[in-house]
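Trainee: I'd like to learn how to read aromatic contacts in a model. Could you take me through some?

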Amino acid sequence: MKKKFIFISIFSILLFSCKKDELGTTTVKEPGICVVSGDIQANYNTCNDTSSAGNFNTTFDNVDGINITFVINSRDLERNPSNSFEYEDLSYTTQINNGKYTIDLPAISTPYNAELYFDSYNYNQTSCVTSDIWNDSVWVSSTVYYDNSTNYNLGTVNISNIVEGGSIVKNFTYTN
C-alpha cells in the first residue's frame with residue numbers, strides 16, 4: 001500500500017507540473033505608430049518681403065536646431081481605459097533640421113489629440129530702411145540694413161486624428 005501511495009503521489013506531481021508548463025500566456029498588443037512631419041519656417045530677412053498690387057509677399061527661411069515637444073495623455077493609448085486609474089502625460093521631442101521635422105508617435109486604432117510645444121529662440125533678423133532723396137535732378141535711393149536679435153516663438157498648437165498607421169503633415173511658421 002505504501003508503494004502504491006508513493007507512486008500515486010509522484011504521478012500526481014508529474015501530472016500537475018506538466019499542466020503548469022502547458023498553460024498559455026497572453027500578450028498585450030503594443031501600440032503602433034503615426035508619423036507626424038512637416039516644414040517649419042520663420043522670416044529672418046524682412047528686406048526680402050515685397051508688395052505688389054496690394055499683396056504682401058513674405059520670404060521665409062528654414063528653422064534649424066529647435067525642438068518641438070509633443071504631449072499626449074497616456075489614457076488615449078489605452079484600448080479600454082479605466083476611470084479609476086490616473087493616467088500620465090507622455091512627451092516626445094524631435095528637433096527641426098533644415099526646416100523639416102518628423103516624429104513617430106505611439107498610436108492605436110482610436111484617434112486622439114496631442115499638444116505641441118515649440119521652443120522659442122533668438123535669431124538676428126535683417127531689416128532695412130530705404131529712402132529716396134531728390135538730389136539735383138535725380139532721385140537717389142539708399143538702403144540701410146539692420147540686424148536685430150529677435151525672439152521667435154510659436155504658441156501651443158493642438159493636432160488631432162493621430163491614429164495607428166496614419167501620416168499627418170503639419171507646417172508651421174514662427175512669428176516674432
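Trainee: Let me start with one side chain: does Tyr 87 count as buried or exposed?

Mentor: First, some ground rules: this is a predicted model, where local features need pLDDT of at least 70, side-chain atom pairs count only at pLDDT 80 or more, and totals for chains, interfaces and linings use all residues. Residues are numbered from 1 along each chain as its sequence is written, and side-chain values use heavy atoms, leaving out hydrogens and water. Buried means under 20% relative accessible area, exposed over 50%, and partly exposed in between (1.4 Å probe, protein chains only). Tyr 87 has 16% relative accessibility, so it counts as buried.

Trainee: How do I read a ring pair?

Mentor: You describe two aromatic rings by the distance of the centres and the angle of the planes. Rings of Phe, Tyr and Trp (its six-membered ring) pair if their centres lie within 6.5 Å; planes under 30 degrees apart are stacked, over 60 edge-to-face, the rest tilted. That gives nine aromatic pairs here. Take Tyr 44 and Tyr 152: the centres are 5.3 Å apart and the planes at 85°, so this pair is edge-to-face.

Trainee: How many residues apart are Tyr 44 and Tyr 152?

Mentor: They are 108 residues apart, so to speak linking distant parts of the chain. Both Tyr 44 and Tyr 152 are buried.

Trainee: And which residue pairs with Phe 85?

Mentor: Tyr 87, edge-to-face, at 4.8 Å centre to centre with 75° between the planes. Phe 85 is exposed, at 52% relative accessible area.

Conventions: Helices (H or I, at least four residues) and strands (E, at least two) are DSSP runs, numbered from the N terminus.
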